[in-house]
Each structure stands twice: as structure tokens, then as C-alpha cells.
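Please work through the exercises below with the sequence and the model side by side, and try each task before reading its solution.

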Amino acid sequence: MSVAIDRQALAELRVREEASLAERTPRSAAMRQRALAHLPNAVPMSWMAGLYPTAAIYAASGSGARFRDIDGNEYLDFNVGDLSMCAGFAPPPVVTAVSRQVAAGAHFLLATEDAVFVAEELARRVGLPFWQMTLSASGANTEVLRIARLVTGRERLVVFGGHYHGHLDETLVRLVDGRAEPEGEGLPAHASRHTRVLPFNDLEALEAELASERVALVLTEPALTNCNVVLPEPGFLAGVRVLTERYGALLCLDEAHTFQFAHGGLMRSWNLAADFVVLGKGLGTGISFGLYGMSEPVAKVFSRHLATDGGRPGLATGGTTYASAVALAAARAALEELLRPEDYARIGRLGTRLADGLEGHMRARGLPWRAFRLGPRSGYCLAPTLPRNGAEAALSLDSELIDTRRIYMANRGVWDAVQSAGPQVSLVHDAADVERYLAVAERFFDAVLREGGPE
Ligand SMILES: Cc1ncc(COP(=O)(O)O)c(C=O)c1O
């Protein structure tokens with residue numbers, strides 16, 4: 001039996017599901033009308049419209065793995081704020097710590113004891129000895145690139161196709177006819193001048209580039225997680241480390257996402273070495289902060305190039321509300337009370353169940369597909385073999401299918417992942433939540449598949 005997506009059924013289903021969502025969200029519709037007068041696309045941040053295929057809905061509150069919209073609909077969230085809410089909505093230790101710190105002063109533009117604790121704990125947990133804080137992972141990557149340029153005296157940046165490292169001009173690039181080009185509108189044409197985009201899992205291509213001895217930084221996630229999932233092949237990450245050292249480039253592992261996948265991140269869990277590591281998304285608490293760790297030699301240069309007020313310009317790092325007392329209180333609470341080894345082990349098992357369940361649904365229907373699997377993260381690989389790089393992963397980005405699934409699931413109380421991600425088990429999901437996701441996904445499969453023939 002061969003099975004294919006019934007595109008006609010998919011299109012019809014989408015129309016029906018959009019109508020049903022609109023029916024369930026009249027208050028959001030009214031709010032949208034009001035918002036349009038002063039918020040472009042009716043939202044305060046463009047992603048809140050651009051990430052979702054339907055008219056904006058408005059959130060009211062959340063608890064654990066669930067949130068409610070202003071119409072009172074409840075959603076079991078498998079995107080968890082694109083991993084910024086992996087500790088769940090309103091986790092009590094963070095609520096307590098943040099409330100206490102706001103009452104005691106949210107920010108002083110001076111360090112607090114929590115900063116010392118967080119750096120000590122991250123050094124122990126992740127493995128790099130020195131730490132700085134920003135407002136986001138984008139900000140952390142911006143600073144890492146500047147430091148790498150200072151340390152190496154070089155300009156070039158290497159990223160891998162399928163990457164996303166935040167809203168830095170120099171990483172918002174894509175390959176067009178073999179050349180890096182700005183990826184979005186509003187970016188200067190020269191932003192991509194120093195960036196090289198190489199295929200993941202290709203050490204030969206990397207060595208050819210590094211041999212130019214012009215590369216300051218290789219910036220990569222340990223596994224790509226912004227084009228669904230691309231796993232490193234055995235030896236790839238170790239090879240990247242050997243090559244960066246051989247040719248004098250620095251290496252940054254961007255764990256803005258993958259820190260949520262394993263205790264201490266994949267750097268610790270896979271025993272990786274690097275000059276920098278970037279963490280983000282408020283360590284899953286949703287409070288705005290990012291962090292980066294660096295090696296001792298890098299930190300020595302960093303310390304020597306301090307910018308002084310009215311003095312020498314020094315290294316261009318920092319920001320007024322970076323490393324606030326309240327952000328550090330949230331980080332400490334998360335590290336001390338939420339992000340425990342046993343929790344990651346538990347969600348890793350639930351992630352395996354999620355991937356096994358999705359693959360079971362695919363197999364039962366004769367679909368030659370696979371489930372992505374990386375600890376608590378799964379997803380839909382629309383091909384019989386898992387991708388080796390971003391170009392292969394892009395074959396699974398079927399917008400029509402993904403968008404319709406999101407709306408279908410939302411109408412059944414499940415908030416699915418954004419297009420380039422996949423469902424994520426967070427620290428507050430349980431086995432019943434995973435079974436609920438799988439049951440709704442199964443019904444969706446049955447609604448859009450037909451027997452016979454290629455598509
Ligand atoms: C790997 C990675 N790095 C950096 C970022 C940027 O994070 P932020 O948007 O919080 O700056 C993201 C965001 O999704 C990411 O996935």
C-alpha cells in the first residue's frame with residue numbers, strides 16, 4: 001500500500017479548521033481589531049504574527065505546560081515559547097525569586113551575589129570557567145563574535161547551513177548560488193561579507209575554509225535544531241574542534257536551544273570542547289537573559305580590554321539592563337531548583353516515547369517517514385532517512401502540512417511547534433501529555449492521507 005498526503009483534503013481541512021479557530025476566539029478577534037490601530041500586524045513583536053499561520057490570538061495566563069487565551073481556551077503547549085518556557089509557566093521557585101528580587105530592587109548596574117553563584121554553578125555544570133550575561137542569545141552571539149575577532153585578529157565567521165543564531169546581521173545569511181547573502185529584508189548588503197555558510201557534517205569543506213587562516217569564529221549548535229533536527233555524525237564535532245585549533249580559529253557552541261535538552265547542555269552531555277558556549281532563552285524560565293561562557297585564555301584577553309567610561313573604548317560588550325539582579329535571581333532559582341539531572345533524564349525518556357509514538361503512527365499508515373529524535377525533542381522527518389545537513393532538512397519543511405497541523409491541533413487543545421522546530425517535551429510535561437499529543441497527531445494523519453500513488 002502506498003500512501004500520500006491528500007493535498008485537496010489538506011486544503012479543505014485547513015479552511016474548516018481556520019473557521020473553527022475563529023469561532024473559538026471571538027475575544028482575540030476583537031482585541032486584534034483594537035490592536036491594529038497601534039501595533040503593526042496587531043502584535044508588539046513581529047514573530048507573534050509571522051510565526052503563526054492564523055490571525056493572532058492573545059494569551060491570558062499559563063501554568064505548568066498549559067496556557068489559556070483570552071477566550072478561555074486552554075492549550076497544552078509543545079512549543080513552550082520556542083523553548084524559552086521549558087521550566088513551565090509560572091514555576092514556583094522562579095516566581096518566588098523574581099518577586100523577591102523585584103521587591104528588593106530589580107537592577108543596580110552593579111553585580112549581586114547571585115551573579116557569582118550563577119557563574120560558579122555554570123562553570124561546574126557546563127565546563128567553561130568564565131561567564132557573562134546579556135539580554136538574549138542574539139546578544140550573547142554578538143559579543144562572542146566580537147571577542148573572537150579581537151582574540152584572533154581575524155574577521156571571518158563560519159556558520160552551517162540550516163543555522164539560526166539570532167538577530168545578528170552577520171548570521172542572518174543564507175547561501176544563494178554558493179555565496180552568503182543577507183537572509184532578510186532591511187539587512188545591509190555587506191552584512192554577509194565576512195560570513196561563510198558551509199554544510200554541516202562536512203569536515204572537508206570546513207578544513208578548506210579554515211586553511212585560509214582568516215576565520216575568527218566557527219559558530220554552531222552541537223546539533224542543528226532550527227531546521228527541525230540535524231544530528232552530528234560520529235566524529236564531526238570532535239573534528240570541528242581539532243580543525244579550529246589547528247588553524248587558529250575559535251569555536252562557539254550555541255546551546256540556546258540544546259541546553260534545554262540535557263543536564264549541562266550537550267557540551268557536558270557529549271563531552272565537547274569549545275572556546276565559548278552560548279546559553280539563552282532565560283534558561284527556559286522566559287525571563288529575558290542570555291549568557292555565554294568562555295575559556296580561561298579568552299577571558300584573559302576579555303578582561304584586559306575593558307571599556308572605560310570616558311576612557312578607552314575597549315571591547316564593545318554590555319548593555320544597560322544586561323545581567324540585572326532580577327535576571328540573575330531567576331537564573332539562580334532555575335539552576336538550584338529546576339534544572340536537575342533527574343528531570344532531564346525523565347524528559348529524555350518522554351522524548352523517546354514521543355518519537356517512537358510518531359514513528360509508530362507513520363509506520364502503521366505505510367508512510368516512509370521518520371521521527372526526529374534528540375532527547376526531549378522530536379518532529380516529523382518527511383523522508384526515509386534523517387538529514388545530514390540543512391539542505392536535506394529543508395525537505396521536511398512542508399509549510400502547508402505543518403501550518404494545517406498547528407491549527408488542527410490548536411482546535412483540539414494542543415499547541416504545536418513552530419515550523420522550523422518540532423514538539424518539545426519540557427520539564428513540566430508528563431507521560432499523559434505526551435500521549436495526548438500523539439493521539440491528536442494520529443487523528444491529523446488520518447485526516448490528510450489517502451491511499452495510492454505518489455503525490
Ligand atoms: C540556536 C539559537 N541561537 C540563538 C537564538 C537567538 O535567541 P534570542 O531570540 O533569544 O536572541 C536562537 C533562537 O531561537 C537559537 O535557536
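**Exercise 1.** Does A323 count as buried, exposed or partly exposed, and what is its relative accessibility?

*Solution.* Keep in mind from the start that the model is predicted. To place the residue, note that A323 lies in the loop between helix 11, residues 296-304, and helix 12. Its relative accessibility is 30%, and since buried means under 20% and exposed means over 50%, A323 counts as partly exposed. The backbone deserves a look as well, for A323 has a positive phi of about 55° although it is not a glycine.

**Exercise 2.** Find the loop that holds A42, and decide whether A42 counts as buried or exposed.

*Solution.* The loop in question runs between helix 2 (26-35) and helix 3 (47-50), and A42 lies in it. With a relative accessibility of 0%, A42 counts as buried. As for its backbone, A42 takes a positive phi of about 70° although it is not a glycine.

**Exercise 3.** Describe how helix 5 and helix 12 are packed, beginning with the geometry and ending with the residues that meet.

*Solution.* As a starting point, two packed helices are described by the angle between their axes and the distance between the axes. Helix 5 covers residues 92-104 and helix 12 covers residues 325-338, and their axes come within 8 Å and cross at roughly 155°. Because angles over 145 degrees count as roughly antiparallel, helix 5 is roughly antiparallel to helix 12. The crossing of these two helices, helix 5 and helix 12, is right-handed. On the side of helix 5 the residues that take part are P93, V94, A97, V98, Q101 and V102, and they meet A325, V326, A329, A330, A333, E337 and L338 in helix 12. Sorted by class, the contact of helix 5 with helix 12 has 11 nonpolar, 1 polar and 1 charged residues.

**Exercise 4.** Which residues does D114 touch, leaving out those up to four places away in sequence?

*Solution.* First locate D114 in helix 6, which spans residues 113-126. D114 counts as buried, with 13% relative accessibility. Beyond residues up to four places away in sequence, D114 touches Q101, L328, A329 and R332.

**Exercise 5.** Work out the angle class of helix 15 and helix 16, and list the residues through which they touch.

*Solution.* Helix 15 and helix 16, the latter made of residues 431-448, pack at an angle of about 125° with their axes 10 Å apart. An angle from 65 to 115 degrees would be roughly perpendicular and one over 145 roughly antiparallel, and helix 15 and helix 16 are therefore oblique to each other. From helix 15 the contact draws on L401, T404, R405, Y408 and M409, and from helix 16 on Y437, V440, A441, R443, F444 and V448. These residues of the contact between helix 15 and helix 16 divide into 8 nonpolar, 1 polar and 2 charged. The crossing of helix 15 and helix 16 is right-handed.

**Exercise 6.** Which backbone oxygen lies 3.0 Å from a polar atom of the side chain of H361?

*Solution.* Begin in helix 13, residues 341-364, where H361 is found. H361 is buried, with a relative accessible area of 11%. The backbone oxygen 3.0 Å from a polar atom of its side chain belongs to L438. When residues up to four places away in sequence are not counted, H361 touches L438, E442 and F445.

**Exercise 7.** Identify the buried residues of helix 9 and the elements against which they pack.

*Solution.* Helix 9 spans residues 236-246, and within it F236, L237, G239, V240, R241, L243 and T244 are buried. These buried residues of helix 9 pack against strand 6 (156-160), helix 8 (203-210), strand 10 (215-220) and strand 11 (250-254). Following the chain just past helix 9, one comes to G248, which takes a positive phi of about 75°.

**Exercise 8.** Is Q424 buried or exposed, and where is it found?

*Solution.* Q424 is found in the loop between strand 16 (414-415) and helix 16. At 0% relative accessibility, Q424 counts as buried. Leaving aside its neighbours within four places in sequence, its contacts are F78, V80, L83, C86, Q260, F261, P376, R377 and H429.

Technical notes: Residues numbered from 1 in each chain as written. Predicted model: local features only at pLDDT ≥ 70, side-chain atom pairs only at ≥ 80, totals over all residues. Heavy atoms only, no water. Axes fitted to C-alpha atoms, helices over the stretch in contact; angles between N-to-C directions. Helix = DSSP H or I, 4+ residues; strand = E, 2+ residues; numbered from the N terminus. Parallel < 35°, antiparallel > 145°, perpendicular 65-115°, else oblique. Left-handed = near helix turned anticlockwise from the far one by under 90°. Contact = heavy atoms within 4.5 Å. Nonpolar A, V, L, I, M, F, W, Y, C, P; charged D, E, K, R; others polar. Buried < 20%, exposed > 50% of the residue type's maximum accessible area, 1.4 Å probe, protein only. Polar contact = N/O pair within 3.5 Å; in protein donor to acceptor, adjacent residues only side chain to side chain.
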